[in-house]
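Hi everyone, thanks for coming along. I'd like to walk you through one model this morning, so please have a look at it while I talk.

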Amino acid sequence: KTTPIIKTTFLTLFKMAQVGPYQMSNQKRSKKKNKNNPNNQNNKTKRKKKYNNDEQKQQELDYKTFARKQKGIFIKWSKNHNHIFPEYRDVSGSHVSQKRINIAKKIVILILKQEKQRITRSFEDFARKRYKGKNVTVKVDIDGAIERVNTAKVKQDNDDDYGEADDEQMWITACQSPDDELVGTILHEALHYIATFNGKDICEKDEHFVIKMLGDDEC
């Protein structure tokens with residue numbers, strides 16, 4: 001009788017004689033997932049490039065066109081060329097969720113980027129009227145507003161405020177809200193803390209005046 005060790009050796013030699021030592025080694029390696037497989041890396045690179053290309057195409061789209069292409073989203077825009085807010089419809093809409101907020105955030109970010117000049121001009125026009133005969137330096141921080149929009153999260157409090165924000169974060173109430181109102185709420189909150197006159201924050205009343213100039217009738 002042969003010992004188990006010798007028997008194993010005989011079996012190994014027999015298999016190697018049939019398939020060859022190189023193929024035997026390949027069979028063992030094929031059982032393990034090879035994370036360094038070039039094909040796997042190529043697939044990841046392709047997926048990343050596709051994602052980046054999709055993001056770039058979205059940035060190139062007009063925000064109204066982008067909103068129209070979103071499945072299940074319906075927004076009616078104002079015909080007034082000075083307005084950047086949607087027209088609010090008298091409908092209840094579905095409850096706000098984080099998924100809906102994430103779609104609305106993309107639309108609002110495009111609005112802030114593409115309507116930068118209109119937003120800046122509105123604050124400058126207000127400053128001229130508010131401080132007649134005085135030199136006022138107006139600065140509008142679009143990048144800071146976009147950062148706040150990106151932080152927008154749903155909150156479960158059933159209060160009367162559709163949304164609230166400070167100079168860093170934003171929260172949207174999980175109430176019933178149609179798409180145009182949800183986008184308008186996030187855009188409204190983004191326009192708070194966005195401008196300074198002579199390096200100082202402006203009061204909420206003055207902010208609301210400018211926001212109304214830009215088309216938010218709910219101010």
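Let me start with a question: how are H5 and H8 oriented to each other? Before I answer, a word on what you are looking at. This is a predicted model, where local features need pLDDT of at least 70 and side-chain atom pairs count only at pLDDT 80 or more, while totals for chains, interfaces and linings use all residues. Residues are numbered from 1 along each chain as its sequence is written, and side-chain values use heavy atoms, with hydrogens and water left out.

Back to the helices. Helix H5 covers residues 98–114 and helix H8 covers residues 179–191, and the two pack at an angle of about 55 degrees with their axes 9 Å apart. The axes are lines fitted to C-alpha atoms, for helices over the stretch in contact, and angles run from 0 to 180 degrees between N-to-C directions. H5 and H8 are therefore oblique to each other. For the cut-offs: under 35 degrees counts as roughly parallel, over 145 as roughly antiparallel, 65 to 115 as roughly perpendicular, and the rest as oblique. The elements themselves are DSSP runs numbered from the N terminus, with helices being H or I of at least four residues and strands being E of at least two.

Who makes the contact, taken as heavy atoms within 4.5 Å? On the H5 side the residues include Ile101, Ala104, Ile107 and Val108, and on the H8 side they include Leu182, Val183, Ile186 and Leu187. The residues of this contact divide into 12 nonpolar, no polar and three charged. Here Ala, Val, Leu, Ile, Met, Phe, Trp, Tyr, Cys and Pro count as nonpolar, Asp, Glu, Lys and Arg as charged, and the others, Gly among them, as polar. Arg100, Lys105 and Asp179 also belong to the contact.

Three strands form an open sheet in the order S2-S4-S3, with mixed pairing. Two strands pair if DSSP finds at least two bridges between them. The edge strands are S2 (153–155) and S3 (163–165), each pairing on one side only. From one strand to the next, the twist averages 30 degrees. H8 packs on this sheet, touching S3 and S4, and its direction makes about 150 degrees with that of S4.

Looking at the individual pairs, S2 and S4 (residues 170–173) run in the parallel sense over three bridges. Within S4, tryptophan 171 is the bridge partner of lysine 153. S3 and S4 pair in the antiparallel sense, again over three bridges, and they form a hairpin with four residues between them. Glycine 163 has isoleucine 172 of S4 as its bridge partner.

Which strands form the antiparallel sheet? That open sheet has three strands in the order S1-S5-S6. S1 (138–140) and S6 (200–201) are its edge strands, each pairing on one side only. Three bridges join S1 to S5 (residues 195–197), and lysine 139 stands opposite threonine 196 in S5. Helix H6 (residues 116–130) lies across S1 and S5, running at about 155 degrees to S1.

A few loop residues are worth a click too. Most residues other than glycine have a negative phi. Tyrosine 193, in the loop between H8 and S5, has a positive phi near 65 degrees. Asparagine 198, in the loop between S5 and S6, also has a positive phi, near 55 degrees.

How accessible are they? Tyrosine 193 is partly exposed at a relative accessible area of 39%, and asparagine 198 is partly exposed at 45%. The cut-offs are under 20% relative accessible area for buried, over 50% for exposed and partly exposed in between, with a 1.4 Å probe and protein chains only. Aspartate 90, in the loop between helix H4 (63–69) and H5, counts as exposed at 80%. Its C-alpha atom is 8.9 Å from that of proline 178, 88 residues apart along the chain.

To finish, the whole chain. The protein chain has nine helices and six strands, and buried residues make up 34% of its 219 residues. Of the contacts with a separation of 6 or more, 65% come from residues 24 or more positions apart.

Notes
Contact = heavy atoms within 4.5 Å.
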